[in-house]
Each structure stands twice: as structure tokens, then as C-alpha cells.
Amino acid sequence: MSTPLERWVEEQAAHTRPKNIHWCDGSDAESAQLNELMLRDGTFTALNEKTYPNCFYSRSNPNDVARTEQVTFICSGKKEDAGPTNNWLSPADAKAKVGPLFKGCMEGRTMYVVPYIMGPVSSPISKVGVQLTDSAYVAANMRIMTRMGKVATERLGSSAEFVPGLHSLGDVNPDRRFICHFPEEKLIWSFGSGYGGNALLGKKCFALRIASAMAREQGWMAEHMLILGLEDPAGKITYLAAAFPSACGKTNLAMMVSALESSGYKVWTVGDDISWMQIGPDGYLHAINPEAGFFGVAPGTSAHTNPNVMEALRKNSIFTNVGLTANREPWWEGIGLPHGDGMIDWQGQPYDPKVRTAAHPNSRYTVPAHQAPCISKRWEDPAGVPISAFIFGGRRTKTVPLVFEAFDWPHGVFVGATMGSETTAAATGAVGVLRRDPMAMLPFCGYNMADYWGHWLAMGRRIPHPPKIFHVNWFRKGSDGKFLWPGYGENVRVLKWILERAEGKGKAVETPIGFVPAPDALTLDGLNVTRATMEALLRVDPAEFAGDLDDIKTFFDKFGTKLPAELRAEHAKLGERLSRVLVAQK
Ligand code: GTP
Ligand code: SPV
Ligand code: MN
């Protein structure tokens, strides 16, 4: 008798017609064999064995370097279930369009069957997925990013409970690139891209788009959130989860070396990108990191900004679309190291800063999480870690203060739902354009965003001890165009205040948008920031926020009658609070 998995693989192989089928077991021997194969066909270049043992360098097709949101589809039966912020195709249309592309697409290639677990091996919160792919590069990355191979096959057994994902590089042609999600069937089809979030199907496709739909049905949460533990001088660790849009600082915050370490505040990493959360028996929301590795932005990563990851990625890692020095070491802008002569850029050409940067702005490293010196002792706790606070944030050059606290859960949901951020290189398209990115989930919510907000509001009513909700902005700029806040390890000063507020302490001032730290409430010793700069960082200008009210209304109006009434009420209340202050100022 064959298992549901075997039957599905057989069916897909009949359609895609690979030359070979390789069932991945996740072993070291298999990994060595795949790496050898990729060294031979040129997908991989071995890095310096002394300084980067078992590390590999890879360049993708220059047309395939970031997520492509315009060809990412939510294929729900009804269009309104995808909502106005997602691209939609009916399941039948998607299959009619993309199905033929898969026909015979693996001829002459090997199909890798990649069974994987999202989450700690024995956690009840974890789930199994199986990806079929004709890319050895994808299989190698999945081995780092998930618990892949035998552990997953064993957890699955003969059960049909896995999320199937079919992936082919095809001919890597942007005109034939489709990332389709079938939230009702819990199925993923990805064609024509080998890039991260498009191709490593456990990550954004399963752990966010499909999982968010499952979470709503089953009463839990799947979020684009890092998870960290903040240790206080008494040794008590409090866990926080933070949602920032792509390339807005999750990995850096999750792995930071605290500037307050000498006074006893230390940060431990549980996860850097995704959080799955369920209500625990203690009434707290408990979070697991579904991933096993970090797929991080390389540029800007240095011994100064993120020493923990710099140490972690010295072995068993993959570097994609960075520069390659003559010494066969990876190099990128902001690494803080000399590159020497003879460097090759991410397109394989001799480096010439007049032509292009050495590393693509969205170049990435793939590194096993357990290699990070800052990894939390509880990062694989099957029960997850209890979350005391949620933090939203984005890139806002103007208007938004360094930190503020929402008044209560519904107001916090409003803050998350209306958060904005300037776009980055993590997705194709213009960079630096302000867009609303609710909960940093705009490109990742597998269903109608209005229903998603409804789910958030419903969860707030169900969680006996809900996390307090905050908003941060590390990216406010002065009139000289420079960041006002030093960021990185100094962000712990903000986390410390958040921790104090979550414990019912910490001094704050009420403003129309929420509570901001009282003038002396942030610990600033040893920090070279003037009083005037701190004032500029914390300033809430009611007139600037009032200017946002119309834009929020226009955004909310897109959702029509599906918009939860609570959010309309929050919008009205914000308007009232702002006009009260504005009238008083006159
Ligand atoms: P994804 O992996 O795309 O989800 O990104 P992420 O949210 O994990 O972002 P990451 O931590 O990789 O940071 C992206 C960019 O923001 C990098 O170039 C960082 O150097 C920069 N960055 C991160 N934290 C800070 C900060 O506190 N201040 C400033 N100014 N820049 C930061
Ligand atoms: C993001 O873009 O949010 C990432 C990288 O974390 S990707 O895997 O491409 O989604
Ligand atoms: Mn991300």
C-alpha cells in the first residue's frame, strides 16, 4: 500500500516527468553529494576552506533576485476571500494557466522530494510540508531553513497531513513566473523562480500565506515576526515578538548585542522572521519559530551591526548574490572589511563600483540558527515561549516617533493595521515609496486582510493575558537626511522601556497616538545622542498625524463592509483625540 505522500509524488512526477527522483533524507552524506553536484555544474563555488569551511557561493539569474509580488497569487474560490490587497486567480484559472507550464518541465532533471517540518521536531505547534523541486540549490537551502528529511518523513508517517508544494525553476523567465497559493486546498505551486521567498516554499508560502489561513480556521496566529528573549539584571527573561516589513530590521533586532549588556540586559534569539503562536495553558500566547535557519539580508551586516550572525555564518552557510573576493571569501557593502584586488561582483563580472555594487541590495546568507552564539536556550522548546509584548515597526523617515505604546488591544490592532513603511529591495519594484503594510503582512496574508484584522480582534478577546502592543521606528531622519537614532545594539534601550511598560512600570506621557516614554524614562547613559535629538525622536506632531487620517480612511474603504467596525471606531477615536489637541493648541 502506498502512502498519500507516495501517491502525490507519483502523480506529480507523471506530469513533470523528471529523469530521476531523489527522496531527501537530510543526512550529511546527502548534503555533501548535492554540494559536489552543484560545484560540478557551476551552481556553487566553494568558499575558502580555512575561513569559511563548508560554505558555498551562488549567483542567481539577475532577473531573479527578490520576491515578485505582482505574480504572487492567492487562489481562493471567491475573489473576496483573497481581498483587495492580494492578487487573485480562481483555482481553476490558476491551474489552467500554470498547470501546462509544469507539464514535462523536469525532463532531464532530478526531482528532489523535500519533506520538512516547520517548527521544533516534537512540538504540537509544528507542521509538516513536502516540497518537490528540480533545484538542488533550493533543496540545500531548505536543509538549512527547515528540519528536513528523515525527521519529517518520520513525523508524517502514513498521514495525509502535509502541505504539498510543487516547485520548478522552469526556464527562469519572468514572463512565466507564478507563485500560487490554494488556501482552501492548502497547496502551493511555484514556477519560474529560484529566489528565497518565491522558491523556499516552507518560508513565506507555507509558514505565512497558507499558515495564516490555517491559523484563522484553527484559532492561532501565523505572523511575520521575530521572537527574542530580553534578559534583565535579575536573570529573568521576557519574550517579545516584533513585526517589521521585509528588510526593516527583524534579523538585526533578534540577534543584537545589547548596548546595555554591562548593566545586565542581554538579548537571546528565538527566531528572526516568522512566529507561530497558540494560546498556552497559562493563558499567554506561546510562540515557536517555525524555521531552523536565518535567510538574512547581507548588505549592512558587519561585526558592528550584527556580530552574532557574522560569527554564525563562518561555516555551513550559503551566500547568494554577494561579491566574491580573490581570496574566495564573501563580501558585501557595509561588511566593514577590505575586499582586496580581484573581486567579482554578484553578476560574475570584475567589481567596478561605477558599474554596480559588489553585492545585490537583496543578497542573502543562509545559515543554521543553532550556530548563532545568541541562540536562546528555549528556541526549540516544544511549548514555545510566552509572549509579553508585540512590537510593530517600519521605515518612516518622518512623523512616527522612536516608540509608542497602544492604549489597549483594539487600538494596538489599529496601529498594526495602519502601519506604513518605505519599500525596500526585498521585493522587486520601486524602493523608498511609503506604503501601508499592515502587521508587515501585506505580501504574506493568505486571505482577506479585513478578515485577518477580525481574527486579530477575536484573538484579543480570547487570550487571557494578551501581549501589550507597541510601535517603534528606528528610521526617523533629521533635516540633514541622516538617521536620528543610532539603532542596532542601542535599540535595547527601547526594548528595556517596553519591558518595563509590560510589567506595569516605566514612565510614559499620553499623546493622541498612544503613550511615549517620559523625558527621563529611556536609559541613555553612555549614548552619544543630544537632548534635542531625543526630543526630535520622540516628538508627536498632531498636525502631521491628522494628515494621515484621510489616507487611512481611503485604505480602509477598500475593504468595504468587511472592515471590522472596531477599526472604524478606532479611526474615529484617533481623529477625536487629535482634534482635541489641535484645538487646544490654537
Ligand atoms: P527580511 O529578511 O527581508 O524579512 O528583513 P529583516 O526585517 O530581517 O531586516 P534586517 O534585519 O536584515 O535589516 C535590513 C536592513 O536594515 C539592513 O541593511 C540593516 O543594516 C538595516 N537595519 C537593521 N536594523 C537597523 C537599525 O536599527 N537602524 C538602521 N538605521 N538600520 C537598520
Ligand atoms: C522577506 O522578504 O521578508 C524575507 C526574504 O524574509 S524572503 O525569503 O524572500 O521572503
Ligand atoms: Mn521576512
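Colleague: At roughly what angle do the axes of helix α10 and helix α15 cross?

Modeller: Helix α10 covers residues 409-417 and helix α15 covers residues 565-585, and their axes come within 9 Å of each other. Helices (H or I, at least four residues) and strands (E, at least two) are DSSP runs numbered from the N terminus, while axes are lines fitted to C-alpha atoms, for helices over the stretch in contact, with angles from 0 to 180 degrees between N-to-C directions. The term for this pair is roughly perpendicular, used for 65 to 115 degrees, whereas under 35 is roughly parallel, over 145 roughly antiparallel and the rest oblique. The crossing that makes α10 roughly perpendicular to α15 is at roughly 90°.

Colleague: What kind of model is this, and which atoms do the side-chain values use?

Modeller: This is a predicted model, in which local features need pLDDT of at least 70 and side-chain atom pairs count only at pLDDT 80 or more, while totals for chains, interfaces and linings use all residues.

Colleague: Which residues of α10 meet α15?

Modeller: Contact means heavy atoms within 4.5 Å, and on the α15 side the residues involved are Leu567, Glu570, His571, Leu574 and Arg577. Across both helices the contact divides into six nonpolar, two polar and two charged residues, where Ala, Val, Leu, Ile, Met, Phe, Trp, Tyr, Cys and Pro count as nonpolar, Asp, Glu, Lys and Arg as charged, and the others, Gly among them, as polar. The partners in α10 are Pro410, His411, Val413, Phe414 and Ala417.

Colleague: Which residues coordinate the manganese ion (ligand 3)?

Modeller: Donors are N, O and S atoms within 2.8 Å of the metal (3.2 Å for Na, K and Ca), and sites may look incomplete because water is not among the atoms. Along the chain, the donors of this ion follow the spacing K-x19-H-x48-D. At 2.1 to 2.5 Å, the coordinating residues are Lys204 (NZ), His224 (NE2) and Asp273 (OD).

Colleague: Is the site of the manganese ion (ligand 3) octahedral or irregular?

Modeller: Four donors count as tetrahedral if all angles lie between 85 and 135 degrees, and four count as square planar and six as octahedral if opposite donors are over 155 degrees apart and all others between 65 and 115, with anything else called irregular. Ideal angles are 90 or 180 degrees for six octahedral donors. Here the angles among the six donor atoms run from 66 to 176°, and the site is irregular.

Colleague: How many residues apart in sequence are the parts tied together by Lys204 and His224?

Modeller: Both Lys204 and His224 are buried, a word for under 20% relative accessible area, with exposed over 50% and partly exposed in between (1.4 Å probe, protein chains only). Because Lys204 lies in helix α7 (residues 202-218) and His224 in the loop between β12 (221-223) and β13 (226-231), the separation of these parts is 20 residues.

Colleague: Where is Asn54, which has a positive phi, found?

Modeller: Most residues other than glycine have a negative phi. Phi of Asn54 is near 55°, and at 44% relative accessibility this residue counts as partly exposed. Asn54 is found in the loop between β2 (45-46) and β3 (56-58).

Colleague: Is Phe162 buried or exposed?

Modeller: Phe162 sits in the loop between α5 (150-156) and β9 (163-168). Not counting residues up to four places away in sequence, Phe162 touches Pro4, Leu5, Trp8, Val128, Gly129, Val130 and Leu156. With a relative accessible area of 11%, Phe162 is buried.

Colleague: Which residues does Leu582 contact, leaving aside its neighbours within four places in sequence?

Modeller: Leu582 is found in helix α15 and counts as partly exposed at 25% relative accessibility. Its C-alpha atom is separated by 9.5 Å from that of Asp541, 41 residues apart along the chain. The contacts of Leu582 are Pro542, Ala543 and Ala546.

Methods: Residues are numbered from 1 along each chain as its sequence is written. Chains are lettered from A and ligands numbered from 1 in the order in which they are written. Side-chain values use heavy atoms; hydrogens and water are left out.
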